[in-house]
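Please look through the sequence and the structure shown here before reading on. The paragraphs that follow lead from the contact between two chains to a single residue.

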2 protein chains.
Amino acid sequence: MSGWSTISGWILRSSAYPPEMYLSALASIGIVEPFVKYPQKILVSIHMESFEPIKLNLLKPVPSDIDISQAVTPKNILKVAREVGIQDDEISPYGTTKAKVHLSILDRLNDQPDGKYIVVTGINPTPLGEGKSTTTVGLAQSLGAHLRKKTFACLRQPSQGPTFGIKGGAAGGGYSQVIPMEEFNLHLTGDIHAITAANNLLAAQIEARMFHEATQKDEALFNRLCPAEKDGSRTFAPIMFRRLKKLGIKKTDPNTLTAEEKGKFARLDLDPSTITWNRVVDTCDRFLRKITVGQGTEEKGHTRETNYDITVASEVMAILALTNGLEDMRERLGRMVVGSSRAGEPVTADDLGVGGALTVLMKDAIMPNLMQTLEGTPVFVHAGPFANIAHGNNSIIADRIALKLAGKEGYVVTEAGFGADIGAEKFFNIKCRYSGLTPNCAVIVATVRALKMHGGGPNVVAGAPLHPAYKEEELNLLGAGLSNLLHHIGNLKRTGVPVVVAINQFSTDSPAELELVKVKTVEGGADAAVVSNHWAEGGAGAVELAQAVVDACEKPTDFKFLYTLDLSIKEKIEKIAKEIYGADGVTYEAEAEKKIELYTRQGFAGLPICMAKTHLSLSSDATKKGVPKGFTIPIRDVRASVGAGFLYPLVGTMSTMPGLPTRPCFYDIDIDLKTGKIMGLF
Amino acid sequence: MSGWSTISGWILRSSAYPPEMYLSALASIGIVEPFVKYPQKILVSIHMESFEPIKLNLLKPVPSDIDISQAVTPKNILKVAREVGIQDDEISPYGTTKAKVHLSILDRLNDQPDGKYIVVTGINPTPLGEGKSTTTVGLAQSLGAHLRKKTFACLRQPSQGPTFGIKGGAAGGGYSQVIPMEEFNLHLTGDIHAITAANNLLAAQIEARMFHEATQKDEALFNRLCPAEKDGSRTFAPIMFRRLKKLGIKKTDPNTLTAEEKGKFARLDLDPSTITWNRVVDTCDRFLRKITVGQGTEEKGHTRETNYDITVASEVMAILALTNGLEDMRERLGRMVVGSSRAGEPVTADDLGVGGALTVLMKDAIMPNLMQTLEGTPVFVHAGPFANIAHGNNSIIADRIALKLAGKEGYVVTEAGFGADIGAEKFFNIKCRYSGLTPNCAVIVATVRALKMHGGGPNVVAGAPLHPAYKEEELNLLGAGLSNLLHHIGNLKRTGVPVVVAINQFSTDSPAELELVKVKTVEGGADAAVVSNHWAEGGAGAVELAQAVVDACEKPTDFKFLYTLDLSIKEKIEKIAKEIYGADGVTYEAEAEKKIELYTRQGFAGLPICMAKTHLSLSSDATKKGVPKGFTIPIRDVRASVGAGFLYPLVGTMSTMPGLPTRPCFYDIDIDLKTGKIMGLF
């Protein structure tokens, strides 16, 4: 597997061109060490190997994430692609360290068996996070670079907003990172920017259309939408047939529509109070949380109160994550519901004429982004929907391509956001339902720190010093807190997949503490429990975990959904609340009842449920740790992402727009003008 | 020049890999037609030529722009780069048709002489535009593919907003286009998205900082900005020394600052009524023209009225266009002024701690984008600032790199926005002043249609049918309208450069009409006047124009600025108004007087002037055609783009946010799901 295969040959060179020109051209395609001793010819050798790892030079103490990232020279992304069997015409490089992979690869590899599919999830974390991304990357490094299995890590792309607000990257950490982490955390290949553009084009059209409808009569509106040619003839744009079909109008010549039909067609009659579509920006701008638009004199007093969300909260992002291909994305974008007409009918992006344009804006974003880990194993970074108001998982397309490329002997490690009660539940019941894929193994990440918190340890607050209980051996706290982990293990096992516990090791964890977690979780039903030190040691620190995952993936699975789609909205919500969270029941506020009635009437009751709940507790109260008992889940409101394909009940208030602190971390971010390197990013 | 040079050699191949794998790898690096007859080896040949044109298949009638664009297979952008002497390590491809060129190339080519520098400008146009971009591209195609001179076209990147609003691309048109026009008109490589991100990060920080200052006392603010370590020590972030220097504080240990110094340092004390920094979005969203932000309860009543502009109106865009390199961009971004403190001092992006982060966001955007014309000649697309509130020219960096690559025998054709009274005036007095470059020739584009309008022809309105006067021979109208063109020729000649008139031919122009323009403009001082038919015929239709430009570039130049920077703000404005527009004088409203006083006091009087005036007339009244007389220029207000480096007096109201019509052109835009091609874009 790790053997070299070399082909070589002479290339004649012309004296008209300097040798540097050849060297540069050859280097760019991964032909290294050309032999240029002779004036007329160059000996080139191409090493072909299925995978060539990058050797890590582990330092102690572990340097900052950006220092580790910048100390490693990434392989040319074309080489990474070739190593995993991506053909050169199936890839669009964006510079030398990232590339988009074309969806045509799914056709070519259609008959290829899938690799093993591993989802990484976690317990309910402290506000500091318990290292799911780091574990995902470390596990992939270990499987790929140490066990030499063809392994992909599939990660979410982070929002750029928090990158400049509060320290904390999303590329993993320590010696388990995606590189270059600057590219990962900044624009990447522009997918989030494309989402912003698509989301806001739809928002602008909602506003503009309401304005034009308010200032024009039916006939004038219709005539503008279907303008007459010189000979008086009119045509419908292809997209207009979607609305005509919805209205039950089968005519194809605009001039034959009755006045009533013209009115129905041209006047969407959006009820402003029902509009759920917000504008988005990928910046932490809290002053946009609630705004009034349309105050210019040219907008003639048509002001409206509305909101901005951060871009990753856009339904377009959820669609990117859940779509299975271009055609499916076109349909989903077109059927996004932005609000209801005054008659109570859902109004969609296609009603507004914009579904095609949104698809055009998203045509590159749909291709997953190939990057690599610190040890040179392949990574797909694609889509990053919120884990509360959306499902918090990376894209189906990336996972599918990775599974095909990995093949029968390979592995795909994908991460689900938040704790297992949210991210993994949605992974199984939303993502896997839409993808048709079934996981072979779930890895649940836990830290001694978080378990102690669940056992009654002092509050953990981001930015504040950690209480000594978290740095000293505290077997009682730890033992009590194991209940949270055991609850999640039970949930995961009932889904029918093997479960491996990954204890993400901190230097302050005592051997007795680590042993306690291992013993108790295996007793509690986990297929394995392993201590992993990938943060400090990279893939080498996760070899035992990787081996446990390989073993678990050999076990049979009996994967089943928690609920069937034909259950009512309330039945589905209650199943999740009782069986996953351990709640006694669910209560609904008036707004929630109203929406459940509305969505049922509009025909959306068959969608899966995407609970918008805190990730800090199994209950809806973030302060309740461990395994809370005797609680109900209060549903404040229910919203619909019809294009993405789920309803999301709001349990409490979800912030969809972070703010900037007094000293945002951008104070430290700058460019080294000599080297061009980014400084101060994490 | 057009001869081939070929190098070839055998590559031994291993039977372990299928031949397709080799073919794909070889094709990706431009090695075509490998000879694979033998099982053990492949004969590869590399053709090296300075330039290989794409042959056009000209159709009549001329198809739509997108059909022409999609009918041509672009060369791999790596090949385009190699043809012009860009080394592989100096380029980052974004897919196969666009690439970013690294600024390091300027170091390598430092000693290379520049090519000839040609600016394309126009008369005051009709609202339909007179084809400056098309002429720029057509001229470059002709110089490059027909006269076989190494020629770059340098164009602005268009806003994505209008692409979805009102039909009309910016990639040229007909058989003179940049391809693929979809890529050109959509995200390109994300530069505009980066500008949006940078602009809005600064906006969010303005808002957040004002909020934090309003809710915290000096000491608390200071302690948050310079938090104490465990041992009580504090440090300044490097960027903070910029503010300390401005305040005259030389201390380096935060703990040694007096209470007064801490207050001065930490409290920017922005006067909300002076804030000139708007948020931006690259979408036509008229409802954002005037908004109120901060209406969320968490913002505690700190609401504020503000505005959104379209992204290309951002000062960050103007900086991208005017910067000379990374270090210069860092300084310009940091010194952008967002408003004044209550004490009347300018508050900058660096005062807000964000200049470094903005640079990081713009680090890729600073690299110009390489594309190609329909005939395979190289194009740089880089920056697209507004031509009224900014200077309306593409980037200095793109022009500089193009001039070095073109070399002594080559040509660089760059376009200035709007008419010659605005775009060319700003090209000379702002862009050339900052770049240090001097043009060798100005091409002024005119159409018979627009000249007739200047001669008193009926109104020309976008979207409405054209009056017959514009389709029939009307020598009187034309003769009268020539005054506008002659006025611009005079202005250009006084700048000290040769002037070539390019008559952009329409099929309805009569021979007598074309001849009249030629004769009168040469009599009026033009160095040459040529009819050009590049829209219908590509470069072949512009050969005579290209030859005239080559001849003009051999003439000596005596380039001089219209004004020196040491003149007062008013003196500079008046010089432009009188000498370029032909005004009798300038009047100032109270707001303008106030700002002139403010900016003079703040030390910004030495900046060049960027007039924000209509492009439809030499005067400030868009309805006054030809050469208006007896008018004054009324200055309503004066604004400052201190980072970009100019003051912009507002002559009337400038719209910086377009709207969407009732039937936006996105109704026609969709993706062909079978081919993946974009439909309906222009």
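How many residues does the contact take from chain B, and how many from chain A? In this predicted model, the contact takes 99 residues from chain B and 100 residues from chain A. About 8700 Å² of area is buried between the two chains, and carbon and sulfur atoms give 64% of that area. Within chain B, the residues that lose the most area to chain A are B:F287, B:T662 and B:Y667, which together make up 10% of what that side buries.

Across the interface, 38 residue pairs are found in polar contact. Helix α7 of chain B, residues 191-215, gives the most to the side that touches chain A, with 12 residues, and that side as a whole has 48 nonpolar, 27 polar and 24 charged residues.

Is B:R332 buried or exposed? B:R332 counts as buried because its relative accessibility is 2%, and the cut-off for buried is under 20%. Beyond its neighbours within four places in sequence, B:R332 is in contact with several residues, including B:Y434, B:G643 and B:A644.

As for confidence, the predictor gives the complex an ipTM of 0.92 and a pTM of 0.93. The mean pLDDT of chain A is 93, although pLDDT stays under 50 over residues 1-7 of that chain.

Key. Residues numbered from 1 in each chain as written. Chains lettered and ligands numbered in written order. Predicted model: local features only at pLDDT ≥ 70, side-chain atom pairs only at ≥ 80, totals over all residues. Heavy atoms only, no water. pLDDT = per-residue confidence, 0-100. Contact = heavy atoms within 4.5 Å. Buried < 20%, exposed > 50% of the residue type's maximum accessible area, 1.4 Å probe, protein only. Buried area = accessible area lost by both parts, 1.4 Å probe. Polar contact = N/O pair within 3.5 Å; in protein donor to acceptor, adjacent residues only side chain to side chain. Helix = DSSP H or I, 4+ residues; strand = E, 2+ residues; numbered from the N terminus. Nonpolar A, V, L, I, M, F, W, Y, C, P; charged D, E, K, R; others polar.
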